[in-house]
Structures are given as structure tokens and as C-alpha cells.
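These are my notes from a first walk through a new structure. I wrote down what I looked up, in the order I got to it.

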Amino acid sequence: MDLPVNRFKHAIKSGKAQIGLWCSFPTYQTIEVVAGSGFDWLLLDMEHSPNDIGSLNAQVVAAQGGTASSIVRVQWNDMVMIKRVLDVGVQTILVPYVQTAEEAKRAVAYTRYPPEGLRGVASSTRAAGYGRIKDYLNKAKDEICVLVQAETVKSIENLEAICKIDGIDGVFIGPNDLSSAMGHRGNIPHPEVQKVIADSIKRILSYGKAPGILVGEADGQRMLDLGALFVAVGADVGLLRASSESLAARFRR
């Protein structure tokens, strides 16, 4: 049994833009539906949704039948949580609230087995094909992709240092938290926020890493034109809310 290839990692490394959908519902049925919709990646959220490791495991399995790679945003830059997420077969993680090079270095270390890192060793996990993937312990890091989230003024100031950490594959700009940190809470379109976002995308690219962001459908192409390589152009909650409100409005008396 061969180690699965991380299509997302290889795509962003080659400069091929990847279009995604943000997923907050903690159910495998919704993932099974949207995984076949044609997206390149799905963000399975654990930070701001009620997902736990059990529901996440079911979602990862459900996504396998579709076109989209799974990216999991863990709750925190935590060694135990990252270990458990990797063990269920996730190959790409997004770590929130990374503000310094040291924090980025720890995120990478949590995805690597000793002596290179701190990931707990287990050879019969789902990630290892339940023991069927030959030499998984030595090969795993080749297909693991580490993305970190820059969402504070401090993280933007430290972008270069964060990007210099070996093993960091991309930096995701968190527009909601960043706008709040800049004093423009709830106002992502503010010119000052947009200037920082555009500048950050260019900087991340110049440091040899892949920039990413979550925006609405209307701003998706603009972010791609700026150079963002992984862009979420919508969210499951927003799609359901908008379509259900639209349907109800057409029949409301």
C-alpha cells in the first residue's frame, strides 16, 4: 500500500491556484455532498465549529470520494491535537494564531517524528493504512503540508521570519481577526485592511511560500489576481443561509 499523494501540497508548491470551500458543519453528510462539487480543497474547521476528533474522522473519510483535498484547522498550536488529526489521515493542517517564528517552528515540529520533531509515534493508525503503508514513519513528512494563520498585527510584522521556517508551506491571512486587530472590527473592506492584505500576499510569495485567504465570492478572483494560491470563495453556512432565505422569500406572503 502506497502513501497517498497530497495533491494540495504539490499544487501550491508548483504555483497552481487552489479554490476551496470553508466547512463548519460537524457532519460527514455535508462534506460528502460538497466534496463532489468540484472544489480543490475543503477546510474542515475545529477552531470555530463543534467538530471533535470523532466527527472529523468521519468527515475525512467522506471527503475521499470527491475532488477536494481536506485541510483541517486545528483548535490551537497544540502537540496532542495535531498528532491526533494527523493520525486519522489528514495531510494538511492549518494552525491558527501563529505570531512568531518560534511558534511556526513548533507547529512544524508537531508534524514530524523524532528526532526531527515531536509527533508521537504510532504505526497502525489510519494515516499509516493501519500498518499497511510501508515505511510510513519515514515517508509521512513528505506529504504533510503545514499552513499557519497570520491574523494579528504582530504576525504580519513577523511574516518574513515565519516564512523562513523550514517546513512551513503556506501562510493563511485571517481577515476577520486581522481587521479587528487593526481597529476595524467587522470592516474587512476598510482600505487600510485591504492594503495590508494585498501587501502580505505579495510578501508571502516573495518569501517563497503560498499565500491563502477566505473571502466572499465577489472578492475571490481579486485575491487570485493578487497572487493568493489557496482561496476559499465561500462557506457552507453562508451557502445554506443565503439559499434558504432566498427560497423562503420567494414564497413568503
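This is a predicted model: local features need pLDDT of at least 70, side-chain atom pairs count only at pLDDT 80 or more; totals for chains, interfaces and linings use all residues.

I count two residues as in contact when they have heavy atoms within 4.5 Å of each other. With that rule I looked up Ser70, which touches Leu42, Leu44, Val60, Ala63 and Thr92 once residues up to four places away in sequence are not counted. Ser70 is found in strand E3, residues 69–73. For elements I go by DSSP runs numbered from the N terminus: helices are H or I with at least four residues, strands are E with at least two. Ser70 has 16% relative accessibility and so counts as buried.

Residues are numbered from 1 along each chain as its sequence is written, and side-chain values use heavy atoms, with hydrogens and water left out.

**Thr111**

Next I went to the loop between helix H5 (101–109) and helix H6 (136–143), where Thr111 sits. Is Thr111 buried or exposed? Its relative accessible area is 1%, so I put Thr111 down as buried. Leaving out neighbours within four places in sequence, I found Thr111 in contact with Ile82, Leu86, Ile93, Arg119, Ile144 and Val146. The side chain of Thr111 also has a polar contact of 2.8 Å with the side chain of Arg112. A polar contact here is a pair of N or O atoms within 3.5 Å; within protein, one must be able to donate a hydrogen and the other to accept it, and residues adjacent in sequence count only if both atoms are side-chain atoms.

**Salt bridges**

My rule for a salt bridge is a side-chain nitrogen of Lys or Arg within 4 Å of a carboxyl oxygen of Asp or Glu. How many salt bridges does that give? The count comes to five.

Arg119 forms a salt bridge with Asp87, with the closest N and O atoms 3.0 Å apart. Arg119 lies in the loop between H5 and H6 and Asp87 in helix H4, so this pair ties together parts that are 32 residues apart in sequence. I checked both ends: Arg119 is buried, and so is Asp87.

Then I looked at Glu160 and Lys164, whose side chains meet in a salt bridge at 3.6 Å, N to O. Glu160 is partly exposed at 36% relative accessible area, whereas Lys164 counts as exposed at 62%.

Arg222 and Asp219 make another salt bridge, at 3.5 Å from N to O. Both lie in helix H11 (residues 217–226), three residues apart, which is about one turn of the helix. I have Arg222 as partly exposed at 35% relative accessibility and Asp219 as partly exposed at 31%. I also noted that Asp45, Glu47 and Arg73 are joined into one network by salt bridges that share partners.

Why do I call strand E6 (residues 168–173) largely enclosed by the rest of the structure? Five of its six residues are buried, so that is how I wrote it down. I take two strands as paired if DSSP finds at least two bridges between them. E6 pairs with strand E5 (residues 145–150) in the parallel sense over five bridges, and Val148 stands opposite Val171 in E6. E6 also pairs with strand E7 (residues 210–214), again in the parallel sense, over four bridges. The bridge partner of Phe172 in E7 is Gly212.

Helix H5 came up here too: its buried residues pack against strand E4 (92–95), E5, helix H8 (159–163) and E6. In H5 I found Glu103, Ala104, Ala107, Val108 and Ala109 buried.

**Last look-ups**

I found Val80 in helix H4, residues 79–87. Val80 is partly exposed, with 43% relative accessible area.

Glu245 counts as partly exposed at 49% relative accessibility. From Glu245 to Val95 I noted 150 residues in sequence and 33 Å in space, C-alpha to C-alpha.

Notes. Buried means under 20% relative accessible area, exposed over 50%, partly exposed in between (1.4 Å probe, protein chains only).
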